[in-house]
Amino acid sequence: MELVCPAGNLPMLKAAVDHGADAVYLGFRDDTNARHFAGLNFTDQQIAEGVKYAHDRRVKVFVAINTYPQPGNWTRWQAAVDRATGLGIDALILADMGVLDYAAERHPGISLHLSVQGSATSPAAIGFMQHHFGIKRVVLPRVLSLAQVAQLIQNISVPVEIFGFGSLCVMVEGRCLLSSYASGQSPNTFGACSPAAHVEWRDTPQGQETRLGGVLLERRAPGEPAGYPTICKGRYWVDGELRHAIEEPTSLNTLDILPELMAAGVSAIKIEGRQRSTRYVTQVTQVWREAIDACKRNPQAFQPKESWRKMLAQVSEGTQTTIGPYERTWH
Amino acid sequence: MSEIERPRLSLGPILYLWPRERVFDFYAEMIETPVEVIYLGETICSKRRQLKPEDYWEIAEQITAAGKEAVISTLALIESEGELKTLKRICADQRFLIEAGDLAALGFLEGRPFVAGHSINLYNHRTLDFLAKLGLKRWVMPVELGRSTVADLLKYRPPGVECELFAFGRLPLAYSARCFTAYNRGLGKDNCNFCCGDYPDGLLVTTQEGQAFLNLNGIQTQSATVHSLLPALTEIRDLGVDLLRISPQSQHTADVVHVFADCLNGKLDPREGTVRLRQWAPLGLCDGYWTGQAGYRLGMSI
């Protein structure tokens, strides 16, 4: 099982490589990838430097070009694919069928991974993408239970990567327009959920308010913990009650089910968080490296260490963690 | 040549859980309206089995017999083996055109004419060309795309491929593994008691300052306000859009169809039509996506 870690910039890439990642993933400094935030991501030269640093230490580099171009900006995505393949990377993580079609035709030698943004959740969907674009890996959206993941793996010949730790996206990735509904910009079109330019924080007599595109997502009492404001983690009135109608501010952590994931045949665990810090990447990579190695040595006796839990709790967003959709009761 | 040459009106699939008899009655009523294409089938939740594929096929026969086109729509999110089996069975039927809601359906439909629904991510000409080679006959534009992208895509469209816009209804915004209707009733998806049946138009989500914001419909999240492209009718016609989709609501769907038809026929001004539509959208209208703004905004409508 491969450990795939986030690299939002060169120091994060080096931290992930130094602390045990098998692969790192990153994006260009624009809206061609789904973590398009100011000050984040890589220039071509930085990617080249990162590739050298990683490859010298036998770590792979994947480049995410996983947003959806439109006719008016198509050439930038096409150029991003061409540039990335020229930089000696190990795989492209793509979502759009048009971009996949282009990459498969133009660069037949490069490995293509289907991004989580590609929304493939069944053997038929994955088989379709494999047949047409020769994908070498699929990253599963966070919708399937552990039993469903295990069954899926039995029915496909494409290696599976799943999200193991980090922010929990509640909706099927690649098919969520909540952000654009409030802000005009979506993960698909702009490469970010809740783009910072549309987020407002305001202290009022009623409490601290967070808004996206002017819409009130949360109003909390002083001292209540605040995560990054996304629509799906907001608190609203439903049927006469004020509640987190979609999901609590919670993070994903699958450490407890690592042996089951391994037994199911999951090929790679992905850590979310290119928008986080070098400290985050260092700590999370360390813990997951140790955990995967311990689990490989003796899956039956695997028990997450208390020190791992503490370290991960320190870097979790929100106030709690969950196994998320992998556990059927979450549904 | 009929007066309404283009765009034609279509009726999207029912997105909610309505009683079986209500569904049959609804289609009997819709057959009498000026919609020319009727989509039907379960697209949200496979547990809703009040109607089986056979029932939908029976209704589709009636639609066809009435001189309209029937299209069978499929689930927007495929998770289980059982869902895949049903999807395969639906796609194996050759009598009716099928609207793919998920990538899984594309594989089953490849090589014959099919429709790509709005939950298939078709954002650019290369994807359009790719799907056209597989048999794409029509696609429903992803709802977040505005007029400039619609115009660009229409310039590039392959010959014979039709374009449909989601023109009226609560916007389909997101899909999840979790059933939010059950979640808000304190139930799990596996023991949902079909509680979404209690909300024939979805479950309203209001912000803490009283703004009608979202609408929960099982695993789907919709807009609370109703998206309407009626004010852009002239522009849409000029762009060469082929179909306008009206998404069913539990009340006044036939009235909405008539307003759109009257505007297309020139019997009613779209501004006047919008005033009428408003009374059937008590939480208000929205149209921001069309002009490149946030979807919930209201720009064009009077």
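Predicted model: local features only at pLDDT ≥ 70, side-chain atom pairs only at ≥ 80, totals over all residues.
Along the principal axes, the box filled by the C-alpha atoms of chain A is roughly 60 × 55 × 40 Å.

Let me stay with chain A for a moment. Its secondary structure consists of 10 helices and 16 strands. Of its 331 residues, 63% are buried, that is, under 20% relative accessible area. As for the contacts, if we take those between residues at least 6 apart in sequence, 64% of them join residues at least 24 apart. The accessible surface of chain A amounts to about 11,700 Å², and carbon and sulfur atoms account for 49% of that surface.

Rolling a probe the size of a water molecule over the atoms shows where empty space is left. The second largest pocket has a volume of about 380 Å³. It is lined by 24 residues, and those closest to its centre are E42(B), S46(B), P53(B), T86(B) and I90(B). Which elements give two or more residues to this lining? They are helix 2 (53–65), strand 3 (69–73) and helix 3 (81–92), in chain B. Helix 3 of chain B gives the most, with six residues.

By class, the second largest pocket is lined by 10 nonpolar residues, together with seven polar and seven charged ones.

Key: Residues numbered from 1 in each chain as written. Chains lettered and ligands numbered in written order. Heavy atoms only, no water. 1 Å grid on protein atoms, 1.4 Å probe; cavity = no way out; pocket = protein on both sides within 12 Å on 5 of 7 lines; lining within 4 Å. Points joined across faces, edges and corners; volume = space filled by probe spheres on them. Helix = DSSP H or I, 4+ residues; strand = E, 2+ residues; numbered from the N terminus. Nonpolar A, V, L, I, M, F, W, Y, C, P; charged D, E, K, R; others polar. Buried < 20%, exposed > 50% of the residue type's maximum accessible area, 1.4 Å probe, protein only. Contact = heavy atoms within 4.5 Å. Areas by Shrake-Rupley, 256 points an atom, 1.4 Å probe, with all protein chains shown as cover.
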